[in-house]
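Subject: Structure handover

Dear colleague,

Please find the structure below. My notes on what was found in it follow.

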Amino acid sequence: MTYRDRHRHRPTTIRRGHRPGAITALAILAALTALPVPAPLAAQSASGETFTRAESRRILSRADDLVTYPGSDFSAEYTVTEVRPGESTSRTSFVLFRRDSANSYTILIREPAQDRGKGYLRIDENLWLYDPVARRFTVVSASDRFENTGARNDDFNQSTLAEDYTIVGHTTEQLGAYATDVYDLEAVHDDVTFPRMRIWIDQNDLVRKFEDYSLSGQHMRTTAIPSYRQLGDRYVPVRIVIQDELRGREVDGQFRNQRTMIEVDKPSFQAVPDMVFTRTFLERVGD
Amino acid sequence: MPHVSNRGRTVRRGTRRPGVLGLALVLLVVVALGVPAQSLDDLFNEPDAVTGGDGSGDGTTAADGTAPAGESSPGDDTTTPDGESSPDDTAAAPAAVDIGALTTSPTRVSGSVSADAGLSVGYNEWPWSDAADGRTPRDLIAASAGYKMSASVSVDSRPQPYLRFYTRLTSSLSTTSLSFGSPAVDELFVDYTLKDRVFFRVGDFGMGWGRARLFDSPANLVSRVGDGAAVRASLPLGTGSMTAVAYTLPGWVSTHGEGDPRSFAGALQVERSFGVFSTELSGHYQLDEGPRAAAILTAGVGALTLAGETRYSIDPDHPGAPGRDGNAMTAIGNFFWENGARTWTFWGEYAYDHSRRDSEVGTDGVRRDGEHLVGLAMKAPSLGGGGWRPQLTWRHAVGDSSGQLIAGTSGTVAPGLTLSTGIPVFYGKPGSYYRGIAETRVIDDDTTLTDEESNVLRVSGENVVSVGFGLSVSFSF
């Protein structure tokens, strides 16, 4: 049975009528960096299946839609814990406000104390960092590491897999308790952080895991999303673990990767005032 | 300095919720991530109990059967990030971020004290140059020292989400009378936010517009706001915002009197983002000075940020006349690049301002010419612990071939104790643009340098090349 056969008969229960939303707090790495990658019009997977660009879009859109929220604002509290083997463990907590309809988000850092008041404002493709000490805004790159953790600034934007990637390979795999479809993806433009990805999508179109690769095939990082929270007909990843495949340290004779754990609390789709998505708000809160 | 770094950050507990929960979270993380090298795939051994709720807070439960195969139904227990058990996530309306709480806090009194001392040794003129006038290198050696001490206290009160009062008082040690003067009010303002829509700030406060990093920002039409009293209003406007400010300065009031329209000035800025571009258009008007208009265009391309800004001023006394005594245009263009780990930073800038060029040759036979300025700067990764990031800054006046080159760094040598070191070099003929202002504006207003580096450089006096050291002890409460 091919993927499409299986999927056609799957009794999926997730509603997808609205233009779904996105929060992947770890929005599945929508953007940045990278070198040009050719966009094949049709590609053949190891199982012999081929995917046109339209089919890729359809499959990936289902995953995007569950965690994208164009019809409402989104807000939540995030705690990012960075575990560096053999070194100190750091913790950053912040509040995120997202408005997918305007491709905007605002982040207010609450901890650690020395960074309290610092904030990020994304409007369209512009990302500003506000430093309350210097009272100055600087433009930063969405592909930069977020606060020196394994997360990237763009991880907090909406998921745009369908827009950024096309499927070039497909297999199935049992991922713990989940039967998943595993897709190999290649970027269709330069504005992505990683030009190649492999993603694990469960039977309800929720992305459970993905691996990021450089153009040369170097495995850069692995992200696991073991927990989602359902709010109405939308989903919010509430527990995300990112493993840096390049950074780590040998501890007790065994190599341990650096890991970033993201916990999401108080997710909500309540309307957020327009002012929150302005530089003035960061000045007002962060001064 | 605008750079971001969390280096050396340690786990902080109990800030969001006191003590035990914070500790529980840390333990949870350590156990979950940690110490044994658990495979990420192990996280999926237990099916996700997708918890339900309704983000709008109306208590809507999750649709039946939406949980992945093998999962428990919505409403089953799950573990929250705090490690607590949620008995029924579907029954209670989920908590949302309280925006009001972000802008509300009890009255806080904080302050800082710092004491700095610096020593510099160098040449006050280049040996064997014409300006050395036959003096030996030994004769040209000059040493200087300086010190500074200041303290500030601030009060920040945010009793309501829409209301805030803030003031900061500062007192500094006079190096001539050797006493602390009466505390001066650095800032005192009240914020009022009307219906989460319009933000007002009234009082004595600073503002700044512009993207310049090495030279003065021509689009900073509100640079004098901090010298007087002002009212500022900001509100969202499409995908951007609009800010208006009206202010008065002591000099205008003393000249024209209170209430005279010439004692006031107004400025307006509209900023908007589209694609990778951000634009800021602004205007300023004061009756004596005439109108000024400015524009800023910023573009972020990957890790590279490009910015350009220009200002056009119309002189009412010389309408239509271009140049120094009439209508004038100033501009800058710059770039800024930082690698993903924010360890290497490079930036550069070109600035044009015709008024920086002396109209006549001075008595020293030199025409100061700062019409065209160029600058480059870089910061290297930290050297060891203590945050020692070497920085190199170069500024050059094209017209009279003068310039400055500053290599410096500072870092923590003991808790609360910072050591700075720098080598400032100035070149060009005496009286040229950078030789003439080396000991004043360039160092004092150099926002690319830390306070500690500035202290070192300040004590270098008029030397053309120096080696400076400074120690600073400071703490905040």
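In the hairpin of E9(A) and E10(A), 2 residues lie between the strands, and Gly176(A) there has a positive phi near 60°. Strands (E, at least two residues) and helices (H or I, at least four) are DSSP runs, numbered from the N terminus.

Some conventions before the rest. This is a predicted model, in which local features need pLDDT of at least 70 and side-chain atom pairs count only at pLDDT 80 or more, while totals for chains, interfaces and linings use all residues. Residues are numbered from 1 along each chain as its sequence is written, and chains are lettered from A and ligands numbered from 1 in the order in which they are written.

Strand E10 of chain A

E9(A) covers residues 165–175 and pairs with E10(A) in the antiparallel sense over 10 bridges; two strands pair if DSSP finds at least two bridges between them. One of the bridges puts His170(A) with Tyr183(A) in E10(A). E10(A) also pairs with strand E11 (residues 196–201) of chain A, again antiparallel, over 6 bridges. There, Asp184(A) has Arg198(A) in E11(A) as its bridge partner. E10(A) spans residues 178–187 and is largely enclosed by the rest of the structure, because 8 of its 10 residues are buried. Buried means that 20 or more other C-beta atoms lie within 10 Å of the residue's own; 12 or fewer makes a residue exposed, anything in between partly exposed, and C-beta atoms are placed from the backbone.

Strand E5 of chain A

What joins strand E4 (residues 89–99) of chain A to E5(A)? The two run antiparallel and are joined by 7 bridges. Arg98(A) stands opposite Tyr105(A) in E5(A). The hairpin of E4(A) and E5(A) has 4 residues between the strands, and Asn103(A) in it takes a positive phi near 50°. E5(A) is also joined by 5 bridges to E6(A), residues 119–123, and these two run antiparallel. Gly119(A) in E6(A) is the bridge partner of Leu108(A).

The loop between E5 and E6 of chain A holds Pro112(A). The peptide bond from Glu111(A) to Pro112(A) is cis, with omega near 5°.

Cores and a covered helix

Which residues have the most contacts inside the largest nonpolar core? They are Leu96(A), Ile107(A), Trp128(A) and Ile199(A), in a core of 80 residues. Strand E14 (residues 234–251) of chain A gives the most to this core, with 6 residues. A nonpolar core is a set of buried Ala, Val, Leu, Ile, Met, Phe, Trp, Tyr and Cys residues joined through C-beta atoms within 7 Å. Another core lies apart from it and has 16 residues, among them Trp209(B), Val225(B), Ala267(B) and Ala307(B).

Leaving aside neighbours within four places in sequence, Ile107(A) is in contact (C-beta atoms, placed from the backbone, within 7 Å) with Phe94(A), Leu96(A), Gly119(A), Tyr120(A) and Phe156(A).

Helix H4 (residues 279–286) of chain A is mostly covered, with 7 of its 8 residues buried. Among the buried ones are Arg279(A), Glu283(A) and Arg284(A).

Chain B

Chain B contains 7 helices and 20 strands. It has 477 residues, of which 31% count as buried. Its mean pLDDT (the predictor's confidence in each residue, from 0 to 100) is 77, and 74% of its residues reach 70 or more. Confidence in chain B is lowest in strand E1 (residues 78–79), at a mean of 35, and highest in strand E7 (residues 198–204), at 95. Over residues 1–36 of chain B the pLDDT is below 50, and this stretch has 60 contacts in the model beyond near neighbours in sequence. The model scores ipTM 0.72 and pTM 0.75.

Backbone points to check by eye

Most residues other than glycine have a negative phi, and most peptide bonds are trans. Lys266(A) has a positive phi, near 55°, and sits in strand E15 (residues 254–268) of chain A. It counts as partly exposed, because it has 16 C-beta neighbours inside 10 Å. Asp133(B) also has a positive phi near 55°. Asp133(B) lies in the loop between strand E3 (105–123) and helix H3 (137–140) of chain B, and counts as exposed, with 9 C-beta neighbours inside 10 Å.

Regards

Conventions: Contact = placed C-beta atoms within 7 Å.
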